[in-house]
Amino acid sequence: TLLNFKESFPINLVTSPTLKVLTGNLITLASNSIAKNRQEKHVVFAGIDKDKGTLAYLRSLGIEVISDRTQFVKLMKEWTKTHTVWVHTTYQSYYYQNNKQGKKEESRNCLTRLMRELKRSFYFAYIDEVHKTWQPNRKPWSAIHYDDICRIENRFKCTASKKDFKGPSSV
C-alpha cells in the first residue's frame with residue numbers, strides 16, 4: 001500500500017533496547033538529516049523510560065523528548081503536515097508496562113496505543129538489536145513484529161551481534 005504524502009508526511013520509527021543505545025542511533029540519524037538538509041524532525045518518545053540523566057542530555061542537545069500522551073498527539077498532528085517525523089523509543093515505551101501483579105501489558109501511555117488513537121501507522125521502522133525481540137508466544141518485546149498491535153509498512157531489522165538460534169519458537 002502506497003501512502004498519500006500529499007495528506008501528511010510519514011512517521012518513521014526507531015526502536016532500541018535501552019536509552020543509551022537509542023542515544024547513539026538518534027545522534028547518527030539526526031546528524032545525517034541536518035547534514036543533508038532534510039525536512040525531518042526527530043523526537044524521543046519516553047512513555048515509561050525513567051533514566052532522567054539520559055533524557056536531560058537529549059533535551060540539552062535540542063531533541064524534543066515527549067512522555068505525555070496529549071503532547072505527542074498534538075505534535076504528530078502538527079509536524080506531519082510539513083515534515084517526516086522519526087520517533088525514537090525503547091521497546092518498553094513502544095508497547096508495555098508492568099501491571100500491579102507484575103505482568104507486562106499494554107500501557108495506556110505506550111506508543112502503539114497512541115498511534116492507534118491517531119489512526120496512523122509507521123511507514124518505516126528501524127529495529128535495532130532485533131535478536132532481543134524474538135520471543136515465543138507473543139511476549140511484550142516481540143510486539144514490534146505484529147501489525148495487529150501497530151501497523152508498520154516496512155521493517156529494517158538489524159543486530160551487531162551474531163546469534164545462533166537454539167530452541168523452539170512460535171514467532
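**Stop 1: L29 in helix α1**

Begin by selecting L29, which has its place in helix α1, spanning residues 19–35. The model on the screen is a predicted one. Is L29 buried or exposed, or does it fall in between? Its relative accessible area is 25%, so L29 counts as partly exposed. The reasoning rests on a cut-off: a residue is called buried under 20% and exposed over 50%, and partly exposed in between.

Which residues does L29 touch, leaving aside those up to four places away in sequence? They are V14, H42 and H88. Display the C-alpha atoms of L29 and H42: they are separated by 8.4 Å, and the two residues stand 13 residues apart along the chain.

**Stop 2: H42 in strand β2**

Next, select H42, which is found in strand β2. H42 has 11% relative accessibility and therefore counts as buried. Two polar contacts of its side chain can be displayed here. One joins the side chain of H42 to that of S33, at 2.9 Å. Another, also given as 2.9 Å, is made with the side chain of H88.

To see the surroundings of H42, select the residues that it touches, not counting residues up to four places away in sequence: L26, L29, A30, S33, I63, E64, W86 and H88.

**Stop 3: strand β4**

How many of the residues of β4 are buried? Seven of the seven are, so the strand is largely enclosed by the rest of the structure.

In a regular strand, side chains alternate between the two faces of the sheet.

Strands β1 and β4 run parallel and are joined by six bridges. Strand β2 also runs parallel to β4, and five bridges join these two. Which residue of β4 is the bridge partner of V14? The partner is H88. H88 is likewise the bridge partner of V44.

**Stop 4: helix α3**

Select residues 69–79, which make up helix α3. The buried residues of this helix are R69, F72, V73, L75, M76 and W79.

Then zoom in on the N-terminal end of α3, which is capped by D68. A side-chain oxygen of D68 lies 3.2 Å from the backbone nitrogen of T70.

**Stop 5: the salt bridges**

How many salt bridges does the count give? It comes to two. For one of them, select E117 and R69, whose side chains meet with a distance of 2.5 Å from N to O. This pair links distant parts of the chain, since E117 belongs to helix α5 and R69 to helix α3, 48 residues apart. E117 has 44% relative accessibility and so counts as partly exposed, whereas R69, at 16%, counts as buried.

The other selection is E153 with R151, a salt bridge in which the closest N and O atoms are 3.5 Å apart. R151 is partly exposed, because its relative accessible area is 36%.

**Stop 6: a nonpolar patch**

Turn to the surface and select I27, Y57 and L61. These residues form a nonpolar patch, and together they have about 270 Å² of accessible area. Y57 is found in helix α2, residues 52–60, and its relative accessible area of 40% makes it partly exposed.

**Stop 7: the whole chain**

Finally, show the entire chain as a cartoon. It has five helices and eight strands. Followed from the N terminus, the elements run β-α-β-α-β-α-β-α-β-β-α-β-β. Of the 171 residues, 45% are buried. The accessible surface of the chain comes to about 9,700 Å², and carbon and sulfur atoms account for 51% of this surface. Among the contacts with a separation of 6 or more, 69% are between residues 24 or more positions apart.

Notes:
Residues numbered from 1 in each chain as written. Predicted model: local features only at pLDDT ≥ 70, side-chain atom pairs only at ≥ 80, totals over all residues. Heavy atoms only, no water. Buried < 20%, exposed > 50% of the residue type's maximum accessible area, 1.4 Å probe, protein only. Helix = DSSP H or I, 4+ residues; strand = E, 2+ residues; numbered from the N terminus. Polar contact = N/O pair within 3.5 Å; in protein donor to acceptor, adjacent residues only side chain to side chain. Patch = residues over 30% accessible without salt bridge, like charges linked within 9 Å, V, L, I, M, F, W, Y side chains within 5 Å. Areas by Shrake-Rupley, 256 points an atom, 1.4 Å probe, with all protein chains shown as cover. Salt bridge = Lys/Arg side-chain N within 4 Å of Asp/Glu carboxyl O. Contact = heavy atoms within 4.5 Å. Pairing = 2+ DSSP bridges.
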